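Let's take a walk through this one, starting with a sheet and ending with a few aromatic rings. Have the structure open as you read.

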Amino acid sequence: QVQLVESGGDLVQPGGSLRLSCAASGSIFRVNLMGWYRQAPGKQREVVATITRGLTTVYAESVRGRFTIFRDNAKNTVYLQMNSLKPEDTAVYYCNADVSSTFVTSNDYWGQGTQVTVSS
């Protein structure tokens, strides 16, 4: 019905930068809240940042000031700009979106995950 396709994960050195992208496609009336989550080996999935359709943002304390989430509503795409990357940022990053298929019905969807590795 709806799919989220992620791209941009890579191996980078500490202090480096990376930009993740996530595009929603399918039966879409409107894309509402979007966000990025990450999961490191042996740890629970945690929220990194979220952004509303009106561009209100919320960041995890661990990434505030280094990461920026933004979106293009016309393209149903959300991005995560990651700067000053640290080894602790190493994780699989997942895109999430609440998508309305009709005016009154919405569902939550996840991307396939993209690996970000920060290592010297």
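Start with the open sheet, where 4 strands line up in the order E1-E3-E8-E7 with antiparallel pairing. Keep in mind that this is a predicted model. At the edges you'll find E1 (2-7) and E7 (67-72); each has a single partner strand, so one side of each has no neighbour in the sheet. On average, neighbouring strands here are turned by 15° against each other, direction ignored.

Now zoom in on the middle of that order. E3 (residues 18-26) and E8 (residues 77-82) run antiparallel and are joined by 6 bridges. If you want a landmark, look for Arg 19, which stands opposite Gln 81 in E8.

On to the rings. Searching the whole structure turns up 3 aromatic pairs. One of them is Phe 29 with Phe 103, an edge-to-face pair with 6.4 Å centre to centre and 80° between the planes. It links distant parts of the chain: Phe 29 is in the loop between E3 and E4 (30-39), while Phe 103, 74 residues away, is in the loop between E9 (91-100) and E10 (106-110). Phe 103 counts as exposed, because its relative accessibility is 74%.

With 37% relative accessibility, Trp 110 counts as partly exposed.

Which residue lies over the face of Trp 110? That's Arg 45, at 4.6 Å from the ring centre. Arg 45 also lies over the face of Tyr 94, at 3.8 Å from that ring's centre.

How values were computed
Residues numbered from 1 in each chain as written. Predicted model: local features only at pLDDT ≥ 70, side-chain atom pairs only at ≥ 80, totals over all residues. Heavy atoms only, no water. Pairing = 2+ DSSP bridges. Helix = DSSP H or I, 4+ residues; strand = E, 2+ residues; numbered from the N terminus. Axes fitted to C-alpha atoms, helices over the stretch in contact; angles between N-to-C directions. Phe/Tyr/Trp six-rings, centres within 6.5 Å; stacked < 30°, edge-to-face > 60°. Buried < 20%, exposed > 50% of the residue type's maximum accessible area, 1.4 Å probe, protein only. Lys NZ or Arg CZ within 6 Å of the ring centre and 35° of its normal.
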